[in-house]
Number of protein chains: 2
Amino acid sequence: MIGIADVRAAAQRLAGVAHRTPVVTSRTLDERTGARVFLKCENLQRMGAFKFRGAYNRIVQLTSQERERGVVAFSSGNHAQGVALAARLLGVPATIVMPSDAPASKLAATRGYGAEVVSYERARSHREEIARALCDERGATLVPPFDDERIIAGAGTAALELLEQAEPLDAIVVPVGGGGLIGGTAVAAHGVASNIAIFGVEPESGDDVRRSLERGEIVTIEVPQTIADGLQTQAPSPLTFAIVREHAVRIVTVSDEDLRAAMRFAFERLKLVVEPSGAAALAALLAGRLALEGKRVGVILSGGNADAQRYAELI
Amino acid sequence: MIGIADVRAAAQRLAGVAHRTPVVTSRTLDERTGARVFLKCENLQRMGAFKFRGAYNRIVQLTSQERERGVVAFSSGNHAQGVALAARLLGVPATIVMPSDAPASKLAATRGYGAEVVSYERARSHREEIARALCDERGATLVPPFDDERIIAGAGTAALELLEQAEPLDAIVVPVGGGGLIGGTAVAAHGVASNIAIFGVEPESGDDVRRSLERGEIVTIEVPQTIADGLQTQAPSPLTFAIVREHAVRIVTVSDEDLRAAMRFAFERLKLVVEPSGAAALAALLAGRLALEGKRVGVILSGGNADAQRYAELI
């Protein structure tokens, strides 16, 4: 199982490569929540989301032979861009399997980082199979979105920085998709101070981790219908599930309306662009889903990739 | 004439009151401009703009008798909110003279900070006269938007912080309305290092400072037609004009299209909400109006108060 040493090693690999993103505070937010809130702006990270951290920490550890053969990933979202950018920086060929109906802006951004994009039709094919076939064919390495210790350790570096910037914290709240960010966050935070409470936030319709924790085993759900397109995972992996259990992570859920309200608050009061998934932790706090009055609370704004028109429509 | 000591004294008064706003960098921006750019995020300042700094530094220096009698300001924009918030924090009654057709959100925000709003019809009355009449009637103090050494010194604290955060800088670029921000910036920067080039950016139709510098005397222009509503001044004041001359400030201009492009870049690439006026310095850099390749350049993003619908329309 990964530990704080893995997160610290990842932080060293990322030094000078990833942005040390700012931590923002807001008196309005503090008044509204009764807590002292520190917002870790991973929406200001390279390629616009924390995903760069894990992707880079994975790809930089490939052997020279593996680097030559390249990497493959499947994603319609931020993981695609994170892998594409990390691979480009390291001179590694990257192929990203993306659905043919992915937003043109995301396809363009992924290609813009120099990756080859392989399209597939959602109805007809299974993206993971296509990715695995490409790996077999080319001897390439699959970079999964969260089910990998190096990805998780990389994601954990955001919380490590947040703690350096805003110590001491009583709690850290992060969005939960497949569990990579919350896993890394829990490992990093408890490596620094074991009394920090770790809260994960899922969309109401995408509460696979909450259900799995309640049941004590991995529960697989239907594809969640939510505006939080980065949190539409159906189940944690055995690895991420083991970490969230071990670290006593607590899960709360938010509605799409809560996410919209948080995006509105971010735009109007914080002047920050946060995508629906990236706003989940802030949404839980604003919606009163957490009893953290009087506490020092770190919140990760995990991503900001949303186009302006869509943003205006959502809020 | 004000000097660096005034700016440092203002910084002490603002410590723990104003946000020490973050400085953000972007490799995409550096690649696009050929410079190493440091963005000082005054859009993340309290009430959403640098204006809070000057207003607070003015109001905190009132005598106890003056405080009791209150302050008056005229503004349809960020100065209104800056004065309202600073006055509230200091327990000083504030009256803001605003046009009756000001955006509902700005009226609400100003009232939200506890200020009394006096409306007037643009066509019928002159706001400065109304404000002065109120001051006479109540013995209140007028807080002007820029024509005051304490306002200018307060504005200069943004550049002072930027230099602490990103030293050394070869140049600093800021938006220019009435000259308060650029005046304070020049005083602060040249107090730290006299070789820093200071650039001001005006809208093409609102180049009163550029013309005044060229002519060697204050030139008054028609009310500028531009989306940069915070930069619609018609002339610098004798005080701000004297400062920009003394500090050899250079002015460049940008079109509304340049401003829109900068707002789009801020939203999509920087994940920051910047209002049209606040994007002027970034716009000049992106539009290639400045020859700063290979230089370390500070840019002040001076404000972020724009609603989402308007933002989407503009970009």
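This is a predicted model: local features need pLDDT of at least 70, side-chain atom pairs count only at pLDDT 80 or more; totals for chains, interfaces and linings use all residues.
Between chain B and chain A, the count of salt bridges is zero. Over all chains, the salt bridges number 32.

**Where chain B meets chain A**
- The contact draws 28 residues from chain B and 28 residues from chain A.
- About 2,200 Å² is buried between chain B and chain A, with carbon and sulfur atoms giving 59% of that area.
- On the chain B side, B:Arg27, B:Phe267 and B:Lys271 lose the most area to chain A, together 31% of what that side buries.
- Polar contacts are present too: 11 residue pairs between chain B and chain A, both residues at pLDDT 80 or more.
- Two elements, α12 (256–270) and α14 (308–314) of chain B, each give two or more residues to the side that touches chain A, and α14(B) gives the most, with four residues.
- By class, that side of chain B holds 14 nonpolar, nine polar and five charged residues.

**Salt bridges in chain A**
- A:Arg53 and A:Glu42 pair at 2.7 Å, N to O. A:Arg53 sits in helix α3 and A:Glu42 in the loop between β2 and α3, so the pair ties together parts 11 residues apart in sequence.
- A:Arg264 bridges to A:Glu257 at 3.9 Å between the closest N and O atoms. A:Arg264 counts as partly exposed at 28% relative accessibility, and A:Glu257 counts as partly exposed at 44%.

**A salt bridge in chain B**
- B:Glu42 and B:Arg53 meet at 2.7 Å, N to O, and both are buried.

Note on methods. Residues are numbered from 1 along each chain as its sequence is written. Chains are lettered from A and ligands numbered from 1 in the order in which they are written. Side-chain values use heavy atoms; hydrogens and water are left out. Contact means heavy atoms within 4.5 Å. Buried area is the accessible area (1.4 Å probe) that two parts lose on being put together, summed over both. A salt bridge is a side-chain nitrogen of Lys or Arg within 4 Å of a carboxyl oxygen of Asp or Glu. A polar contact is a pair of N or O atoms within 3.5 Å; within protein, one must be able to donate a hydrogen and the other to accept it, and residues adjacent in sequence count only if both atoms are side-chain atoms. Ala, Val, Leu, Ile, Met, Phe, Trp, Tyr, Cys and Pro count as nonpolar, Asp, Glu, Lys and Arg as charged, and the others, Gly among them, as polar. Buried means under 20% relative accessible area, exposed over 50%, partly exposed in between (1.4 Å probe, protein chains only).
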